[in-house]
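Student: I'm new to this structure. Could you take me through one part of it slowly, and show me how that part sits in its surroundings?

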Protein chains: 2
Amino acid sequence: MSDVLASHRAFYDAVETGDLELMESLWADAPSTTCVHPGAEPLIGTDAVLRSWVLLMANVDYIQFFLTDVAVSVLPGTPRGPEGTGEGDVAVVTCTENILSGEGTESADSFSGGKAVCTSVLVRAGADEPWRFWSRHASPVLEAVDVVEEDEAP
Amino acid sequence: MSDVLASHRAFYDAVETGDLELMESLWADAPSTTCVHPGAEPLIGTDAVLRSWVLLMANVDYIQFFLTDVAVSVLPGTPRGPEGTGEGDVAVVTCTENILSGEGTESADSFSGGKAVCTSVLVRAGADEPWRFWSRHASPVLEAVDVVEEDEAP
């Protein structure tokens with residue numbers, strides 16, 4: 001569990017620090033890798049996915065993720081290899097991303113906030129291998145709007 | 001591959017026909033099951049997920065899904081069990097859902113359209129077992145807006 005969460009957190013560290021090498025090391029290298037950015041259509045394949053992150057990281061001066069409601073699960077019933085560790089080799093992590101971003105850090109006015117929810121699928125090839133992202137889907141959270149009571153209208 | 005897509009399509013059949021029994025049979029029964037509806041926060045656990053579908057199906061008179069860009073992948077590097085089939089036991093399916101829904105079918109005016117993208121993770125316990133949903137994340141697609149040129153303003 002902690003290994004999964006370390007890779008999951010490292011992903012956000014990579015975005016925050018603009019560390020492309022770290023970002024690359026965190027994705028499975030496969031034509032089947034998928035990534036959905038908030039409001040966007042799916043990207044398929046590690047090359048397309050990494051290109052999108054390079055672009056995103058190049059266009060953001062400052063970004064910080066505060067993660068809440070992080071839930072991690074390893075696959076029930078995954079067939080273990082003969083040397084299986086019993087910990088599983090596929091994991092799904094869901095979380096809420098509370099995002100603070102801005103252009104420049106001179107004044108508080110230049111910051112804006114946002115909220116997204118994300119489902120990530122991480123895999124590893126074996127017990128001694130690192131967990132890597134195979135799929136990631138993030139989407140905006142639409143805040144519930146209070147219905148205005150109109151009883152008091154004239 | 002075809003088995004995965006059959007379960008994936010059956011899910012939409014269940015929603016379209018309001019078939020709760022079919023819907024229940026298509027989800028892994030586990031506390032780690034996750035589902036994100038468009039714009040919503042994650043639901044965790046099969047009970048919570050199925051409750052949300054019961055509610056959704058009870059509140060829709062008519063709904064039909066036209067799926068496009070369906071891409072399915074089985075896990076590269078999943079450890080196979082001693083009797084592994086070589087086909088893998090975890091799959092990720094992404095697709096675009098073109099949704100037609102309405103209240104009553106009397107007039108064309110009562111219909112509305114929508115578009116979402118979805119990433120689904122399906123699993124099966126063994127080669128002879130059916131594929132079931134373990135995770136599902138759907139989100140609205142924000143259409144690109146053309147920037148209006150203001151050169152012609154007075």
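Tutor: Buried residues make up 28% of chain A, which has 154 residues. Keep in mind that this is a predicted model. Chain A has three helices and six strands, and along the sequence they come in the pattern α-α-β-β-α-β-β-β-β. Of the contacts in chain A with a separation of 6 or more, 51% are between residues 24 or more positions apart.

Now for the close look: let's pick helix α1 of chain B, which runs over residues 2–17. With its 16 residues, α1(B) reaches 22 Å from first C-alpha to last, close to the 22 Å expected at 1.5 Å a residue. Its buried residues are Val4(B), His8(B) and Phe11(B). Why do these three end up on the same side of α1(B)? Because they cover an arc of only 45° around the axis. An α-helix has 3.6 residues a turn, so residues three or four places apart point the same way. Over on the other side of α1(B), you'll find Ser2(B), Ala6(B) and Thr17(B) exposed. Just past the helix, Gly18(B) takes a positive phi of about 65°.

And the surroundings? Have a look at the largest nonpolar core, which holds 50 residues. The ones that touch the most other members are Val121(A), Leu122(A), Val121(B) and Leu122(B). Take Val121(B): setting aside neighbours within four places in sequence, Val121(B) is in contact with Val92(A) and Val121(A), and also with Val90(B), Val92(B), Trp134(B) and Ser135(B).

Conventions: Residues numbered from 1 in each chain as written. Chains lettered and ligands numbered in written order. Predicted model: local features only at pLDDT ≥ 70, side-chain atom pairs only at ≥ 80, totals over all residues. Helix = DSSP H or I, 4+ residues; strand = E, 2+ residues; numbered from the N terminus. Expected span 1.5 Å × (residues − 1). Buried ≥ 20, exposed ≤ 12 C-beta atoms within 10 Å, placed from the backbone. Arc of directions from axis to C-beta. Core = buried A, V, L, I, M, F, W, Y, C linked by C-beta atoms within 7 Å. Contact = placed C-beta atoms within 7 Å.
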